[in-house]
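The following exercises are to be worked with the sequence and the 3D structure at hand. Each task is followed by a solution in steps.

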Amino acid sequence: LTNIRGETVAFGRFRDVFDLHRCAVVTDGFYEWPGNDGEPVWFHASDDRLVLLGGLLQPAKVLGAPPRFSVFTTRPNALVAKIHDRMPVIVGPSQLDEWLTGDPAGALNMLLPAPAGTLVATNVSRYVNNVKHDDPSCVAPRSEGCQGELFSGGRALRRPPRPPRPSSLFAPAAPKRAARQRPRSAHLRDA
């Protein structure tokens, strides 16, 4: 997954595929981290609906491999600007058909920040920083931290308990074998 700056589509390398390969990436929201070591913030729909990110589908390069996608980014709206200088392009449900099948010029006009009120921000814990974590605790409100009052209106937020760990009925994963690396000189010969 990579990001594509929406401002570069009209003249960049994605110009030719933009006409036919636009897609919507379905998600429940996105995370941003302020600064180099800031606490994560989860941006999600204010009405708890799914969030559709404007994307570009990239067909698989190898037969049988899944296709890949990239997400378009744009300048942030006022809410996201408090945390980050970019945000993904949000496609509203009423814009979906136009985004996927409409005129490319019309789709270019959708590469804008989400309107005010579309998203809300929830301070979450650093639990989300570990890619092994994929459970409801990732989006649980953070009860304290460096930005605990930024979006909570000054009130303390409670974090719900974490879900139980898997039972011992599940076999542990087999240990991964270390990948064998070629000597550095071999890398230089291949170039």
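Phenylalanine 72 and tryptophan 99 are both buried (buried means under 20% relative accessible area, exposed over 50%, partly exposed in between, with a 1.4 Å probe and protein chains only). The model is a predicted one, in which local features need pLDDT of at least 70 and side-chain atom pairs count only at pLDDT 80 or more, while totals for chains, interfaces and linings use all residues. Residues are numbered from 1 along each chain as its sequence is written, and side-chain values use heavy atoms, with hydrogens and water left out.

**Exercise 1.** Determine which residues form one aromatic cluster, and describe the pair of phenylalanine 18 and tryptophan 99.

*Solution.* 
Step 1. The structure holds five aromatic pairs; rings of Phe, Tyr and Trp (its six-membered ring) pair if their centres lie within 6.5 Å, and planes under 30 degrees apart count as stacked, over 60 as edge-to-face and the rest as tilted.
Step 2. Phenylalanine 18 and tryptophan 99 make an edge-to-face pair, at 5.9 Å centre to centre with 80° between the planes.
Step 3. This pair links distant parts of the chain, 81 residues apart: phenylalanine 18 belongs to helix H1 (residues 15-18) and tryptophan 99 to helix H3 (residues 96-101). Helices (H or I, at least four residues) and strands (E, at least two) are DSSP runs, numbered from the N terminus.
Step 4. Phenylalanine 18 counts as buried at 2% relative accessibility, and tryptophan 99 is buried at 0%.
Step 5. Phenylalanine 72 and tryptophan 99 are also paired edge-to-face, with 5.9 Å between centres and 80° between planes. Phenylalanine 72 lies in strand S6 (residues 68-74) and tryptophan 99 in helix H3, so this pair ties together parts 27 residues apart in sequence.
Step 6. The cluster is formed by Phe18, Phe72 and Trp99.

**Exercise 2.** Which residue stands opposite glutamate 32?

*Solution.* 
Step 1. S3 and strand S4 (residues 41-45) pair in the antiparallel sense over three bridges; two strands pair if DSSP finds at least two bridges between them.
Step 2. Opposite glutamate 32 stands valine 41 in S4.
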